[in-house]
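Please examine the sequence and the model shown below.

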Amino acid sequence: MQNMLVRLIDLPDIEKQKSDLLEQGIIFRHPIAPEKSILTDWVKANFSDYWASEVEVSFSFQPVHCIVAQQDKQPIGFACYETTSKNFFGPTGVLETKRGLGVGKVLLVMALQALKNKGYAYAIIGGVGPVEYYQKAVGATIIEGSENSIYNDLLKKNGGQ
């Protein structure tokens with residue numbers, strides 16, 4: 001998997017999408033310390049151990065370097081930033097049943113905006129799966145030669161993960 005670069009100067013406006021989703025009861029916010037185990041366990045159950053570890057790291061910052069989408073007081077999506085490396089976006093995920101509503105794009109742009117607010121002009125999306133999604137959503141471009149990345153040689157549980 002390759003990394004992508006995002007120019008943070010002209011991120012898309014998501015306020016209308018956020019407002020429309022709020023009308024459906026979907027709230028976007030930074031989680032707080034009492035929610036750490038709930039969110040980490042949810043990410044582990046719905047995505048992966050690796051991503052759960054990154055969510056856990058996000059709670060070592062103030063504000064937490066993660067944004068959660070919730071509905072009926074339950075997580076439905078999340079996006080982390082600066083958990084694996086400085087200026088990196090990710091991981092991020094949305095429940096399959098909630099995909100296609102725009103939740104992922106709102107989480108993406110909110111996390112990238114947080115990086116912009118930290119003073120970055122560009123951000124890196126690490127280990128990208130859906131290249132076309134990021135190209136369309138935020139104008140991300142592939143970083144040539146990034147196949148050899150910080151994600152190479154990750155430790156694996158017996159039998160792999």
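This is a predicted model: local features need pLDDT of at least 70, side-chain atom pairs count only at pLDDT 80 or more; totals for chains, interfaces and linings use all residues.

The side chain of E35 meets that of R29 in a salt bridge, with N and O 2.3 Å apart. R29 is likewise placed in the partly exposed class, at a relative accessible area of 25%. Side chains of opposite charge can pair when their charged atoms come close.

The structure holds 6 salt bridges, and several of them can be followed in turn. In helix 1, which covers residues 15-23, K16 and D20 are 4 residues apart, about one turn of the helix. An α-helix has 3.6 residues a turn, so residues three or four places apart point the same way. The salt bridge between D20 and K16 has its closest N and O atoms at 2.9 Å. The accessibility classes of the two partners can be read from their values: K16 is exposed at 60% relative accessibility, whereas D20 is partly exposed at 30%.

Another salt bridge joins R7 to D10, with 3.0 Å between the closest N and O atoms. Here R7 is partly exposed, its relative accessible area being 38%, and D10 is exposed, with a value of 51%. A further group of charged residues, K44, D49 and K157, is linked in a network of salt bridges.

Strand 1 and strand 6 (residues 122-128) run antiparallel and are joined by 5 bridges.

Is N3 buried or exposed? It is buried, because its relative accessible area of 8% falls under the 20% limit. The side chain of N3 reaches the backbone nitrogen of G127 at a distance of 2.8 Å. Beyond residues up to four places away in sequence, the contacts of N3 include F88, I124, I125, G126 and G127. Also among them are T141, I142, I143, S146, S149 and Y151.

The last stop is helix 3, which spans residues 49-58 and has D49, A52, E54, V55 and S58 as buried residues. One of these, D49, is also a member of the salt-bridge network with K44 and K157. The buried residues of helix 3 pack against helix 2 (36-46) and against three strands: strand 3 (66-71), strand 4 (74-81) and strand 5 (88-94). At the start of helix 3, a side-chain oxygen of S48 comes to within 3.4 Å of the backbone nitrogen of Y50.

Terms used:
Residues are numbered from 1 along each chain as its sequence is written. Side-chain values use heavy atoms; hydrogens and water are left out. Buried means under 20% relative accessible area, exposed over 50%, partly exposed in between (1.4 Å probe, protein chains only). Helices (H or I, at least four residues) and strands (E, at least two) are DSSP runs, numbered from the N terminus. Contact means heavy atoms within 4.5 Å. A polar contact is a pair of N or O atoms within 3.5 Å; within protein, one must be able to donate a hydrogen and the other to accept it, and residues adjacent in sequence count only if both atoms are side-chain atoms. A salt bridge is a side-chain nitrogen of Lys or Arg within 4 Å of a carboxyl oxygen of Asp or Glu. Two strands pair if DSSP finds at least two bridges between them.
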